[in-house]
Amino acid sequence: MNEKAESTQQEQKIQVAESALALVPDDCVLGVGTGSTVNCFIDALAASGKRLEAAVSSSEATTERLAAAGIQVRELNHAGTLDLYIDGADEFDGHRRLIKGGGGALTREKIVAGASRKFVCIVDESKKVGVLGRFPLPVEVIPMARSFVARQLVALGGQPELREGFTTDNGNAILDVHNMDLVDPVTMEQRINNIAGVVTCGLFAIRPADVVLMATASGVIEF
Ligand SMILES: O=C[C@H](O)[C@H](O)[C@H](O)COP(=O)(O)O
């Protein structure tokens, strides 16, 4: 990506982060995702002075950024059902189904999304696809199951590649799966999650986002 495209993408991340802020009710319990778009959202949230009852974080990185912004973080186990979850994505399709986990935070993100009444996904226009799967699908695996899971993923038609030198917040490994056929992402999410040793995969198809806000050159579009 050239410098101009990068700065446009960054502007779009800020733009969509700011529009998501308008959806955050005062005094709510808010789930906060992970990634560069969510970082823009945390910055906008901190600058807005909006009052939250609590924030629940989906990663160590987000917890750190929230704390640095003076926003208190509550453990999910002490939070009950969350009012709203805001997170980014690596890809989304026309049914608001997602691929997530480019930053390796997919498992906690899926947990916090699942614990929330509403999931609003914030993206720039580079993330929109007709069919999921251009972005390699991240799969979090228990380290001792890595080779076994990789063979199962090959049997499902993918080409898994170990994310070298990376350990998730949960102490696990990530396999990035290339060329997976995701025409039916719900079935594939179930199949992959059923492999012993898989913690979860980065498909959010069984529980898609409720709303996707996408920044474009001419404003934010809602799906
Ligand atoms: O593990 C990371 C998350 O799923 C992110 O939400 C995703 O990778 C999108 O990140 P970004 O906003 O940096 O493109």
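Visitor: In which sense do β6 and β12 pair, and over how many bridges?

Guide: They pair in the parallel sense, over 5 bridges. Bear in mind that this is a predicted model: local features need pLDDT of at least 70, side-chain atom pairs count only at pLDDT 80 or more, and totals for chains, interfaces and linings use all residues. Residue numbers start from 1 along each chain as its sequence is written.

A word on terms before we zoom in. Strands (E, at least two residues) and helices (H or I, at least four) are DSSP runs, numbered from the N terminus. Two strands count as paired if DSSP finds at least two bridges between them.

Now the surroundings. β6 and β12 belong to an open sheet of 6 strands with mixed pairing, in the order β2-β1-β3-β6-β12-β13. The edges are β2 (54-57) and β13 (219-222), which have a single partner strand each, so one side of each is left without a neighbour in the sheet. On average, neighbouring strands here are turned by 20° against each other, ignoring direction. Axes for such angles are lines fitted to C-alpha atoms (for helices, over the stretch in contact), and angles run from 0 to 180 degrees between N-to-C directions.

The chain gets from β12 to β13 by a hairpin through 2 residues. Threonine 216 is set opposite glycine 219 in β13.

Leucine 213 has 21 other C-beta atoms within 10 Å, so it counts as buried. The scale goes like this: buried means 20 or more other C-beta atoms within 10 Å of the residue's own, exposed means 12 or fewer, and partly exposed is in between, with C-beta atoms placed from the backbone. Not counting residues up to four places away in sequence, leucine 213 touches Val16, Ser19, Ala20, Val120, Ile122, Val220 and Glu222. Contact here means C-beta atoms, placed from the backbone, within 7 Å. Aspartate 124 is 89 residues away from leucine 213 along the chain, with 8.3 Å between their C-alpha atoms. While you have the strand on screen: in a regular strand, side chains alternate between the two faces of the sheet.

Glutamate 109, in α4, deserves a stop. UniProt lists Glu109 under "active site", in an unreviewed entry. Such annotations may be inferred rather than shown by experiment, and the positions are given in the numbering used here. With 31 other C-beta atoms within 10 Å, glutamate 109 is buried. Its contacts, leaving aside neighbours within four places in sequence, are Gly33, Thr34, Ser58, Asp87 and Lys100.

The shell holds 17 residues, the closest being Gly35, Thr37, Gly88, Gly102 and Gly103; a residue is near a molecule if its C-beta atom, placed from the backbone, lies within 6 Å of it. By class, that makes 3 nonpolar, 10 polar and 4 charged residues. Ala, Val, Leu, Ile, Met, Phe, Trp, Tyr, Cys and Pro count as nonpolar, Asp, Glu, Lys and Arg as charged, and the others, Gly among them, as polar.

Aspartate 27 is in the loop between α1 (3-21) and β1. Its phi is near 60°, a positive value in a residue other than glycine. Most residues other than glycine have a negative phi. Aspartate 27 is exposed, with 11 other C-beta atoms within 10 Å.

Definitions and conventions: Two residues are in contact if their C-beta atoms, placed from the backbone, lie within 7 Å.
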